[in-house]
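Here are my notes for your first look at this structure. Keep the viewer open and follow the points in turn.

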Amino acid sequence: DAAVDRASHLAMGVRSTLNIPITIGTNLRFVMNMDALRQEIHWPASYVPRLQLLGEIFGNAIDRKRKGDALRQSEARLALATASAGAGPWDLDMSTGRIWATPAAKALYGFDRDQEVTFDMFLGVVHPADVERVRDLVMRALASVADVVDEYRVILPDGRIRWIAAAGRVQQEGSATPHRVMGISLDVTGRKTTEEALVTAHAEVQRLRPETTPADLEAARSGTISDVWRFFLRAKP
């Protein structure tokens, strides 16, 4: 390799060269190269540490840019995957009360995409009948470093009710008291509406046909709403 480098330098007319290895952390990541073409130069030894420091500044800037680009690509892939599933990732930091959330997650709760969201704001849109349970669930999860899994209602700005299924995991950071929960939320309004309609239909079948057997009800439960009503209408005296 040295012979090849020497031939290249002679071909380019290089008279003197200085190569300084640049490390990022403990890894050799870059080499700073300086060539003199007009005449031989003997770089003072005091220059080398200064140039090495300059090289490390450049190297760290490049490394941060690469990591930032990779992070943005990762976030874009995550946003695409979760958006296609109708889900929204979030990160709750109870030490500040702030919630980081993707635009999709904010939309699930009726917040604007650029709106700063806090835990109190989140509780403010949770249905009054669910809010205490949700608050207690989060507090217990942080205290016991347990997962958070729940389904609850939120009230959107236009007054509509939306059912949310949320799952989160407490993040343990060293010996510090846990204060972060990372998770994802999903709109399950359609499923909950179907379940409620099925319960209503089952209750109506039992009311009008008290002789209905458990096997009949189980068969009805396994079908769709239209199957339940067909079962009721077909069996009605």
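Predicted model: local features only at pLDDT ≥ 70, side-chain atom pairs only at ≥ 80, totals over all residues.

1. A quick check on the length of α5. The helix runs over residues 128-144, and at 1.5 Å a residue its 17 residues should span 24 Å; the C-alpha atoms at its ends are 25 Å apart, which agrees.

2. Have a look at what comes just after α5. Val145 takes a positive phi of about 50° there, although Val145 is not a glycine. This residue belongs to the loop between α5 and β6. With a relative accessible area of 39%, Val145 counts as partly exposed.

3. Now the sheet. It is open and made of six strands, in the order β5-β4-β3-β8-β7-β6, with antiparallel pairing. The edge positions go to β5 and β6, each of which has a single partner strand, so one side of each is left without a neighbour in the sheet.

4. How many bridges join β6 to β7? There are eight, and the two strands run antiparallel. Val148 has Gly168 in β7 as its bridge partner. The hairpin of β6 and β7 has five residues between the strands, and Gly159 in this hairpin takes a positive phi near 95°.

5. On to the next pair in the sheet. β7 and β8 are also antiparallel, joined by eight bridges.

6. The aromatic rings deserve a stop. The model has three aromatic pairs. One of them joins Tyr109 and Phe122 edge-to-face, with 5.6 Å from centre to centre and 75° between the planes. Tyr109 lies in the loop between α3 (103-108) and β5 (117-118), whereas Phe122 is in helix α4 (residues 119-125), so this pair ties together parts 13 residues apart in sequence. Both Tyr109 and Phe122 are buried. If you display the rings, you can trace a cluster in which ring pairs link Tyr109, Phe119, Phe122 and Tyr152.

7. Another ring has a charged neighbour. Lys192 lies over the face of Trp163, 4.4 Å from the ring centre.

8. Next, is Met32 buried or exposed? Met32 is part of strand β2 (residues 27-36), and at 15% relative accessibility it counts as buried, since the cut-off is under 20%. Leaving aside neighbours within four places in sequence, Met32 is in contact with Leu18, Asn19, Ile20, Ile22, Leu51, Leu54, Gly55 and Phe58. For Gly55, the C-alpha atom is 6.3 Å from that of Met32, though the two residues are 23 residues apart along the chain.

9. Helix α1 gives a contrasting picture. It covers residues 2-12, and of these 11 residues the number buried is zero, so α1 lies largely in the open. After α1 comes Gly13, with a positive phi near 80°.

10. Finally, some overall numbers to keep beside the details. The protein has eight helices and eight strands. Of its 237 residues, 32% are buried. Among the contacts with a separation of 6 or more, 44% are between residues 24 or more positions apart.

Key. Residues numbered from 1 in each chain as written. Heavy atoms only, no water. Phe/Tyr/Trp six-rings, centres within 6.5 Å; stacked < 30°, edge-to-face > 60°. Helix = DSSP H or I, 4+ residues; strand = E, 2+ residues; numbered from the N terminus. Buried < 20%, exposed > 50% of the residue type's maximum accessible area, 1.4 Å probe, protein only. Lys NZ or Arg CZ within 6 Å of the ring centre and 35° of its normal. Expected span 1.5 Å × (residues − 1). Pairing = 2+ DSSP bridges. Contact = heavy atoms within 4.5 Å.
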